[in-house]
Amino acid sequence: MPNTDPSRENDADRDPSAEVNPPSGGLSGARRAAVAALVESIQPVADELGERFDSHGQELAVVGGPVRDALLGRASNDVDLTTDAVPQRVLELIDGWADSVWTVGIEFGTVGLRKRGLQLEITTYRSESYSPKSRKPEVAYGTNIHDDLLRRDFTVNAMAVHLPSGEFVDPFGGLADLDAGVLRTPGRPEDSFSDDPLRIMRAVRFAAQLGFSLAPEVAEAARNMADRLTIVSAERVRDELTKLMLSPDPRRGIELMVDLGIADHVLPEIPRMRLEIDEHHRHKDVYEHSLTVLDQAMDLERERGHEPDLVLRLAALLHDIGKPRTRAFEGGNRVTFHHHEVVGASMSRKRLSALRFPKDVVTQVSTLVALHLRFHGYGRGEWTDSAVRRYARDAGDQLERLHILTRADCTTRNRRKAAALARSYDDIERRISELADQEELDRIRPDLDGNEIQEILGVKPGPLVGKAYRYLLELRLENGPMEKEKVVAELRSWAVDHLEQDGRQDA
């Protein structure tokens, strides 16, 4: 953890009034320029809107993440504004000036607007808190920026820039914590996490996203209050987990979640993977292995030119969650995890559905978990073309992700074994590519469609047509493209027995 000044540990007890409006000289030249660039990025809207509020006796400031990111030299796509004007007053002030206005968040004090292509959100100074059993925050409006910043999650997000003056506001030492790389709350962390338990997840997410450490008191409060996450909606938890997984260092966030007991309430399957290594060293720690696979999948993701991929990263983290449930000890000091990929696919589907991930994400992740062991039957390349076709067909549009996941799943320290696995996978990718060029593997279909099957067999639509279609698909996978005359002959030969069976069943 970065060194911090012990004298700052009781920031909440200090009178911050002297720091509410520090002189511009409190920022270095580079950071003054960063703040100026932030304001400039929303010009002329910043001056126009700031002057509009100021002339009517209302305050307006850029706040939170955009200020933090500007000071860190990071790009930010959001522009969040805060004001002492209540939402109805905000609507009055922007009436006739904004190009468009929306009020979908007005219940929580937020008004959205668009001006000259720039999208902004203005939120009234506020405080919000959860009652012990509520999933929805209670919102109360404030009258000064100090109290608004006090209710923010972390000091690094409790900095603001007044408009139109460009005056920097930092009452709780966010700039110092930014330099120290530490996440600290403006007030007591217990109060902050009680007001909004989701901040516990936000703490580990920011640690992964920014590479920061948690102040000791913040980590302790998160550990003691982790069970409060159960009152937060699954959708809000999912959104934080998504941001964590797409961060530069999701491993850091997952480790914090496990160490602080947060994962017990969000992804309980992850800490359960910490299987102890027994005295015979019969297996490696599944938890550490899974984190390594996640790291390696991200490396391959970058090497192959892909953007951060939520589905791939979730699959890498969850690919072995079925192992604790399927672990068994056999003779000869052997441990087995038979069918853990099948069990794991079911478990991942259930957990991601409970977290309200979109259905396509749930399906894609569970498919990858189910298929992640399939390659290990490849051996020394003795798979037939039929087996390669089936591998590609079963992966479908997840084939590239499966390539990456399977390669990342090799964490052996035996260089010879690792090199052999890599060569084998190079070979199967080559064969898939060659067959794909010849046969369009991603669109494999039987050589006859449903209408042709009906016409050839002289039958109407029904179960028999479906059975025939599946038979021809298996034939296609086994033999590759076939001449139509041969396919028709195969279909008629197959139909002799099946038409008789259907006739007997109808009788």
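Angles between axes under 35 degrees count as roughly parallel, over 145 as roughly antiparallel, 65 to 115 as roughly perpendicular and the rest as oblique. The model is predicted, so that local features need pLDDT of at least 70 and side-chain atom pairs count only at pLDDT 80 or more, while totals for chains, interfaces and linings use all residues. Residues are numbered from 1 along each chain as its sequence is written, and side-chain values use heavy atoms, with hydrogens and water left out.

**View 1. Helices α15 and α18 pack at an angle of about 45°.**
Helix α15 covers residues 310-318 and helix α18 covers residues 359-371, and their axes are 9 Å apart; axes are lines fitted to C-alpha atoms, for helices over the stretch in contact, with angles from 0 to 180 degrees between N-to-C directions. The two helices, α15 and α18, are therefore oblique to each other. Their crossing is right-handed, that is, the near helix is turned clockwise from the far one by less than a right angle. The contact (heavy atoms within 4.5 Å) is made by V311, L314, A315 and L318 on the α15 side and by V361, Q364, V365, L368 and V369 on the α18 side. The residues of this contact between α15 and α18 divide into 8 nonpolar, 1 polar and no charged, where Ala, Val, Leu, Ile, Met, Phe, Trp, Tyr, Cys and Pro count as nonpolar, Asp, Glu, Lys and Arg as charged, and the others, Gly among them, as polar.

**View 2. Helices α22 and α23 cross at roughly 110°.**
The axes of α22 (residues 450-457) and α23 (residues 463-479) come within 10 Å, and the crossing angle makes α22 roughly perpendicular to α23. The crossing of α22 and α23 is right-handed. From α22, the residues G450, I453 and Q454 take part in the contact, and they meet V465, A468, Y469 and L472 of α23. In the contact of α22 with α23, 5 residues are nonpolar, 2 are polar and none is charged.

**View 3. An open sheet of 7 strands has mixed pairing.**
The strand order is β3-β4-β5-β2-β1-β8-β9, and the edge strands, β3 (100-102) and β9 (168-169), each pair on one side only. Strands (E, at least two residues) and helices (H or I, at least four) are DSSP runs, numbered from the N terminus, and two strands pair if DSSP finds at least two bridges between them. Strand β1 (residues 60-63) runs antiparallel to β2 over 3 bridges, and within this pair L60 stands opposite T83 in β2. The pairing of β2 with β5 is parallel and spans 4 bridges; here D80 has E121 of β5 as its bridge partner, and T83 has T124 of β5.

Strand β4 (residues 110-115) pairs with β3 in the antiparallel sense over 3 bridges, with W102 opposite G112 in β4. On the β5 side, β4 is again in antiparallel pairing, over 6 bridges, and V111 stands opposite I122 in β5. The hairpin of β4 and β5 has 2 residues between the strands, and there R116 takes a positive phi near 50°.

**View 4. Helix α4 is largely enclosed by the rest of the structure.**
Of the 8 residues of helix α4 (residues 65-72), 7 are buried, which is why α4 is described as largely enclosed; buried means under 20% relative accessible area, exposed over 50% and partly exposed in between, with a 1.4 Å probe and protein chains only. The buried residues of α4 are G65, P66, V67, R68, D69, A70 and L71. After α4 comes G73, with a positive phi near 75°.

**View 5. R205 is found in helix α9.**
Helix α9 comprises residues 198-210, and R205 counts as buried because its relative accessibility is 6%. Leaving aside residues up to four places away in sequence, R205 touches E240, K243 and L244. Among the contacts in the chain with a separation of 6 or more, 68% are between residues 24 or more positions apart.
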